[in-house]
Amino acid sequence: MTFFLQMLSNGIVVGSIYGLVALGFVLIYRASGALNLANGEFVIIGPYVCLVIMTVYDVPFIFALLLTLLFSAILGLVVERLVVRPLQNAPTISVIMATIGLSSLLAGAVHMIWGHSTRVFPPDVFPSTPLKMGGVIITPVYLWSFIVVIALLIVFSLFFKFSKIGIAMRAVAEDHAAASSMGISVKFIYAMTWMIASIVAAIGGVLLGNITGVSPTMSAIGLTVLPVVILGGLDSVLGAIVGGFLIGILQNIAGGYLDPLVGGGVKDVVPFIIVLLILMLKPHGLFGSKGIERV
């Protein structure tokens with residue numbers, strides 16, 4: 001039972017980070033109808049930038065994180081202006097292919113600038129003394145990561161529901177033409193969407209980097225989070241959160257129990273198996289909206 005609770009607690013933390021990163025997928029899909037397949041590269045650039053600011057310029061973690069978020073917002077804006085906006089009236093597949101090319105470009109830049117080795121954050125970023133709760137050992141970085149992610153998810157939920165920009169983003173997601181006729185700048189909303197998506201990816205990357213270390217292989221989270229988005233529903237913010245927790249928990253439990261029996265690999269394929277099973281019953285995901293077309 002202790003082992004199960006340990007895997008469960010780890011899965012909850014990892015799942016919360018999955019949900020945060022999946023939020024970026026959902027925002028861009030709702031705004032443009034396309035998937036950002038470069039999201040994994042957005043995740044790894046954030047922690048590398050944060051590490052450089054901390055180690056090279058000797059900046060405390062909090063201020064380094066804020067500067068990283070500013071950099072990520074600018075990166076998202078640049079990508080939207082140079083890559084996405086010229087394809088605004090192009091077929092959706094063109095946007096998806098552009099993000100695939102962007103993924104390769106960013107991955108190559110990461111390898112050229114920072115190399116292939118794994119880097120770790122300074123040990124004083126989070127307390128080092130683990131917490132024990134009923135036999136379950138919880139490291140402070142896991143606990144703080146969970147708290148930060150939950151707080152951010154609440155903040156973003158309130159932002160989308162009550163702020164003017166959030167309401168405008170929801171309006172654009174529902175109907176571009178109607179939102180534009182009401183005086184909402186669709187181009188501005190597109191830019192804000194990419195900036196926010198880049199910011200949440202960077203936060204997820206920094207938190208994950210404090211847990212596992214920072215390396216180019218972290219970009220694989222983009223592939224892992226894709227089943228999370230499909231499971232929850234491509235256009236559902238709630239689905240991204242719920243799907244993140246489900247995938248994180250089931251992935252860690254299955255990996256903990258089955259990987260030792262088969263020699264590993266189960267943890268990597270579990271998200272895709274879960275998605276296949278769910279989509280057989282609910283093709284639009286758990287919370288995705290069903291499209292209705294008249295022919």
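This is a predicted model: local features need pLDDT of at least 70, side-chain atom pairs count only at pLDDT 80 or more; totals for chains, interfaces and linings use all residues.
How close do the axes of helix α1 and helix α8 come, and at roughly what angle do they cross? Residues are numbered from 1 along each chain as its sequence is written, and side-chain values use heavy atoms, with hydrogens and water left out.

**View 1. Helix α1 against helix α8.** The axes of α1 (residues 2–32) and α8 (residues 186–212) come within 9 Å and cross at roughly 165 degrees, which makes α1 roughly antiparallel to α8 (angles over 145 degrees count as roughly antiparallel). Helices here are DSSP runs (H or I, at least four residues), numbered from the N terminus, and axes are lines fitted to C-alpha atoms over the stretch in contact, with angles running from 0 to 180 degrees between N-to-C directions. Contact means heavy atoms within 4.5 Å, and among the residues that meet are Val13, Leu20 and Ala31 in α1 and Trp194, Val200 and Ile211 in α8. The residues of this contact divide into 17 nonpolar, four polar and no charged (Ala, Val, Leu, Ile, Met, Phe, Trp, Tyr, Cys and Pro count as nonpolar, Asp, Glu, Lys and Arg as charged, and the others, Gly among them, as polar).

**View 2. Helix α1 against helix α9.** With their axes 9 Å apart, α1 and α9 (residues 221–232) pack at an angle of about 75 degrees, and that makes α1 roughly perpendicular to α9 (65 to 115 degrees). Tyr18, Val21, Ala22, Phe25 and Val26 in α1 meet residues of α9 that include Ile221, Thr224 and Val229.

**View 3. Gly15 in helix α1.** Gly15, found in α1, counts as buried at 0% relative accessibility (buried means under 20% relative accessible area, with a 1.4 Å probe and protein chains only). Leaving aside neighbours within four places in sequence, Gly15 is in contact with Gly244, Phe245 and Gly248. Gly15 and Ile241 are 226 residues apart in sequence, yet 8.3 Å apart in space, C-alpha to C-alpha.

**View 4. Thr99 in helix α4.** Thr99 lies in α4 (residues 92–114) and is buried, with a relative accessible area of 2%. The side chain of Thr99 reaches the backbone oxygen of Ile96 at 2.6 Å. Not counting residues up to four places away in sequence, Thr99 touches Leu35, Asn36, Leu37, Ala38 and Trp194.

How values were computed
Helices (H or I, at least four residues) and strands (E, at least two) are DSSP runs, numbered from the N terminus. Angles under 35 degrees count as roughly parallel, over 145 as roughly antiparallel, 65 to 115 as roughly perpendicular and the rest as oblique. Buried means under 20% relative accessible area, exposed over 50%, partly exposed in between (1.4 Å probe, protein chains only). A polar contact is a pair of N or O atoms within 3.5 Å; within protein, one must be able to donate a hydrogen and the other to accept it, and residues adjacent in sequence count only if both atoms are side-chain atoms.
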